[in-house]
Every structure is written in structure tokens, then in C-alpha cells.
Amino acid sequence: MKTFWLLLIASVFGLICSGCSVNPVTGEDQFLLVSPEDEKKMGEEYSKQVEKELGESVNDVQIQNYINSIGQKIARISHSPEIGFSYKTIDHNSVNAFALPGGYIYITTGLLKELNAESQLAGILAHETAHVTARHIAELITRDYLIGIGFSVAGSQAASSAIRIADIVRQLEGMSFSRRQERQADTVGMDYMVKAGYTPYGMVETMEILQKQDEYRPIEFFSTHPSPENRVGYLREHIFNNRYGNTGTVGKEEYATNITERLKLLKPPPKDKHNR
Ligand SMILES: [Zn+2]
């Protein structure tokens with residue numbers, strides 16, 4: 001019994017000591033119970049599940065390469081290129097994009113069909129990249145720990161990251177980013193896309209496109225986004241405050257060639273229970 005308590009104290013102490021880090025995006029101290037290595041393992045695990053449930057990646061090398069090349073332009077100039085990001089397209093009718101821990105980023109063909117410029121796509125990929133570099137998912141997992149939902153630090157499994165990862169992966173889907181995290185992903189994402197050479201208005205356009213949809217569907221697995229109208233407002237403010245011009249790449253032709261035309265050649269995704 002004594003050994004148990006010693007182990008428990010050691011593991012909790014270990015977690016706390018390794019939990020303090022500086023947020024690479026805000027420069028603020030962040031208390032996180034998940035290391036970047038843990039996030040990578042969770043992402044690996046979860047990405048397999050996502051691909052199994054939502055369907056295989058889209059069967060078109062040109063689309064996949066194009067999406068990944070734009071994602072990598074953003075990852076390279078982000079705060080944490082060492083994470084090793086991957087950007088994939090899933091053949092699915094929902095209008096969706098999301099980031100898993102460890103830099104696994106997905107966008108659906110349903111969302112790609114709504115867009116018409118590379119800068120809009122860059123805006124979405126940059127937003128998801130910023131969620132990862134700002135370690136928002138690690139924040140969510142830590143918050144869940146601290147308020148005792150799902151997991152208990154006193155469960156003595158705390159030291160075994162392998163066991164925890166499997167549990168956490170099961171919990172991820174129920175988590176939602178906060179408004180603060182969404183806004184941060186929007187503004188940091190905009191900074192990334194500008195740095196990567198794109199016009200920031202691509203992101204504003206994306207919000208306007210989503211706004212025009214009959215029914216605004218959440219763009220991420222585990223998120224409640226601020227309404228698109230609010231986002232257009234603060235994104236325009238961010239452009240003004242940072243004196244971003246409208247000079248970067250728009251890429252309408254590139255988008256049409258690599259996405260719109262290619263999507264027309266794809267067979268419709270299989271109608272299964274996941275295609276809502
Ligand atoms: Zn988001």
C-alpha cells in the first residue's frame with residue numbers, strides 16, 4: 001500500500017513538473033498534462049480510427065498532393081514545424097475540417113466543393129494548424145483531467161501514458177474548443193497564411209461562404225465555432241490592426257485545376273451511415 005502511494009505521489013509530481021511549458025503561440029505559461037510526444041501517439045491512434053470511420057482518404061493523388069503541399073507551406077512557417085504535420089482529404093459529404101493531436105489535419109471533399117480559391121483553402125488549413133501549434137487539444141485534455149471528467153489522476157494509471165492514450169482517444173470526440181481557442185486559431189491562422197504568401201481575405205471569404213449556407217454546420221469534429229458573422233468582424237479587424245494588404249496569392253486557377261476539376265472526376269462517396 002505504501003508503495004502505491006509513493007508511486008502515486010511520484011507520478012502526480014512527475015506530471016506537474018513536466019506540465020509547465022510556454023505556449024509557443026502566445027508566449028504565456030501553459031499548464032499541460034500531455035507532452036507533445038503523447039499528442040503524437042494519440043494522433044496516430046485517432047487518425048486510424050477517423051480513416052476507418054469516415055472513409056478512406058480520397059483516391060486522387062493530385063488532390064492529396066495539392067492539399068498537402070499547401071498545408072506544408074503553412075506548417076513550415078508556423079511556430080512548430082517540428083511537429084511533422086500531415087494534411088489529408090477524406091471523401092465525405094459533410095462540410096468539415098479538423099485537427100487531431102500531433103498535427104494530423106483533415107478536410108472533407110464536402111468542404112472543398114464549397115471553396116473556389118487556394119487562399120480560402122489555406123485559411124482553413126492555417127486555422128487547423130494553429131489549433132495544433134497553440135496546443136489547444138492538450139489544453140482540452142488537461143481541463144478534462146482537472147475537472148475530473150472521464151479520467152482521474154488518482155486512478156494510479158497516470159504514469160502509464162500508453163493506457164491513458166487509449167482512454168483519451170475515446171474521449172476526444174466529445175470535446176469542444178472554447179471561443180477563445182477558436183478566435184486564437186483564426187487570428188494566428190491568418191498570420192500563418194499571410195506569412196506563407198496568401199491574401200488574408202481568403203479566410204474572410206471562407207467565413208462568408210459558410211455564412212451563406214442554409215444551415216451552418218460545425219466545421220470541426222470537436223468544436224463550437226463562433227458564428228461566421230462574428231468571425232468576419234474580428235478577422236477584418238485583425239487585417240486592419242496588422243496592416244495586412246490584399247496583395248498575397250489568391251490562386252483561383254490553381255484551385256480549379258487541382259480541386260474543382262478533379263472532384264468532378266471522382267465517383268460520389270459511398271452512401272453509408274456516416275454520410276449525413
Ligand atoms: Zn477551430
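Let's start at a turn: in the hairpin of β4 and β5, 3 residues sit between the strands, and Gly-102 among the hairpin's residues takes a positive phi near 80°. Keep in mind that this is a predicted model, where local features need pLDDT of at least 70, side-chain atom pairs count only at pLDDT 80 or more, and totals for chains, interfaces and linings use all residues. Residues are numbered from 1 along each chain as its sequence is written.

**The sheet**

Helices (H or I, at least four residues) and strands (E, at least two) are DSSP runs, numbered from the N terminus. The protein has 11 helices and 5 strands.

Two strands pair if DSSP finds at least two bridges between them. β4 and β5 pair in the antiparallel sense over 4 bridges, and Leu-100 has Tyr-104 in β5 as its bridge partner.

Which way do the residues of β4 point? Ala-97 and Ala-99 point one way, Phe-98 and Leu-100 the other way, and all are buried. A residue is buried if 20 or more other C-beta atoms lie within 10 Å of its own, exposed if 12 or fewer, and partly exposed in between, with C-beta atoms placed from the backbone.

**Helices on the sheet**

Two residues are in contact if their C-beta atoms, placed from the backbone, lie within 7 Å. Axes are lines fitted to C-alpha atoms, for helices over the stretch in contact, and angles run from 0 to 180 degrees between N-to-C directions.

**A closer look at α3**

Helix α3 (residues 61-77) has 17 residues and reaches 25 Å from its first C-alpha to its last, close to the 24 Å expected at 1.5 Å a residue. That expected span is 1.5 Å times one less than the number of residues. Buried residues in α3 include Ile-63, Tyr-66, Ile-67 and Ile-70. Among the elements covering the buried residues of α3 are β3 (86-90), β5 (104-108) and α5 (118-133).

How do α3 and α5 meet? Their axes come within 9 Å and cross at roughly 50°. That makes α3 oblique to α5; angles under 35 degrees count as roughly parallel, over 145 as roughly antiparallel, 65 to 115 as roughly perpendicular and the rest as oblique. On the α3 side, Ile-70, Gly-71, Ile-74 and Ala-75 meet residues of α5 including Leu-121 and Leu-125.

**The whole chain, and one tyrosine**

Of the protein's 276 residues, 42% count as buried. Tyr-234, found in helix α10 (residues 228-241), is partly exposed, with 14 other C-beta atoms within 10 Å. The C-alpha atoms of Tyr-234 and Arg-183 are separated by 8.5 Å, though these residues are 51 apart along the chain.
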